[in-house]
Amino acid sequence: MINVESIVKRYKEVVALDHFSMEVRENEILGLLGPNGSGKTTAINCMLGLLKFDKGKVEIMGEEMRPDRYKIKAQIGLVPQEVALFDNLTVYENIDYFAGLYIENSKYRRDAIEYAIDFVELRDYKKFKIKKLSGGLRRRANIACGIAHKPKLVFFDEPTVAVDAQSRKFILDGIKKLSKNGTTVVYTTHYLEEAEELCDRIVIMDRGKSIAKGTVDELKREIYTKEIITLSFDENREEYIEDFRRLPNIIDVEFEKNHYILKFENNIGNLESILEYINKKNLVYTEIYSELPSLNDVFLELTGKELRD
């Protein structure tokens, strides 16, 4: 669906994209992740033909993307991070306006509007002005405007920012439904648990480059950390850091607020080693548990940064 080949984008002395490459397969949900300033927005704008780049090539649906490729653009939807709606128009009028950019026939456009309203379940609100809606309902209307023309490819740029848990679940379920109906999705988010739940594959960006790509399980296999054990005490026990650093297979030891976070390079026998040490020292702990690395652990190990708003 999308093939990005080694694109370079410079802003004077700043290299925003440094030979960035990625592909999006038809009918998949691809998560594009990266810390602030990594180049995600620049990459998306280049893919959409909104921004000229210095080198490389972008192909969408088998054709080279350029600013004047209107037939291709008509098959693409965009749901931006900032709600891009007219506050003094109703939900119906907003969808009608954006659908009208793609659909000239009035009957087809009415059908498209009704489809979008039903998809985001806003039928009871279609005569409400946008300024009268809650944040979650505004987000739903924003999505409706991006999908009313039934695009083959949709870009979602952090669509769940600042919404309540119920609205977030509704939006994620809607994206899954789009995918099941044959739509290809490119999804950016700062909530890594969303990407882990939603995306078929992940591309991680940093400093304008693609530094890792694959399924969540494939990415987890790429990092050194294979098991994380958390050990808590009821009082400060920082003096055991050096002892824990001598455990077999240990990669890293962190201590914070009376608990240790121990990272290991494999997941065999580590819990037994810690329990043996605790028994030997006759220590009393309040909590101990083991877990496999999450997508957040992958991100931190690869970029050295937390993914934050």
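Two strands count as paired if DSSP finds at least two bridges between them. Keep that handy for this tour, which runs through a predicted model.

**Before you click**

Residue numbers start from 1 along each chain as its sequence is written. Because the model is predicted, local features need pLDDT of at least 70 and side-chain atom pairs count only at pLDDT 80 or more, while totals for chains, interfaces and linings use all residues; side-chain values use heavy atoms, with hydrogens and water left out.

**The whole chain**

Show everything as a cartoon. You have eleven helices and 14 strands to look at (DSSP runs numbered from the N terminus: helices are H or I with at least four residues, strands are E with at least two). The C-alpha atoms fill a box of roughly 80 × 45 × 35 Å along the principal axes. Of the 309 residues, 47% are buried (buried is under 20% relative accessible area, exposed is over 50%, and partly exposed lies in between, using a 1.4 Å probe and protein chains only).

**The six-stranded sheet**

Now select the strands of the open sheet, which come in the order β6-β7-β8-β3-β9-β10 with mixed pairing. At the edges sit β6 (76-79) and β10 (209-214), each pairing on one side only. From one strand to the next, the twist averages 15°.

**Zoom in on β9**

Select residues 201-206, which make up β9. Six of the six residues in this strand are buried.

Next, look at the neighbours of β9. With β3, the pairing is parallel over four bridges, and Gly-31 has Ile-202 as its bridge partner. With β10, five bridges join antiparallel strands. Click Ile-202 again and you'll find Gly-214 of β10 opposite; Asp-206 stands opposite Lys-209. Which residue takes a positive phi in the hairpin of β9 and β10? Arg-207 does, near 55°, in a hairpin with two residues between the strands.

**Over to the β12-β13 hairpin**

Select 250-256 for β12 and 259-264 for β13, an antiparallel pair joined by six bridges. Asp-252 has Lys-263 as its bridge partner in β13. Two residues lie between the strands, and Lys-257 in the turn has a positive phi of about 50°. Asn-258, in the loop between β12 and β13, has a positive phi near 70°.

Most residues other than glycine have a negative phi, and most peptide bonds are trans.

Last stop: Asn-249, in the loop between α9 (241-244) and β12. Its phi is positive too, near 70°. Is Asn-249 buried or partly exposed? Asn-249 is partly exposed, with a relative accessible area of 24%, and for Asn-258, also partly exposed, the figure is 25%.

Terms used: Axes are lines fitted to C-alpha atoms, for helices over the stretch in contact, and angles run from 0 to 180 degrees between N-to-C directions.
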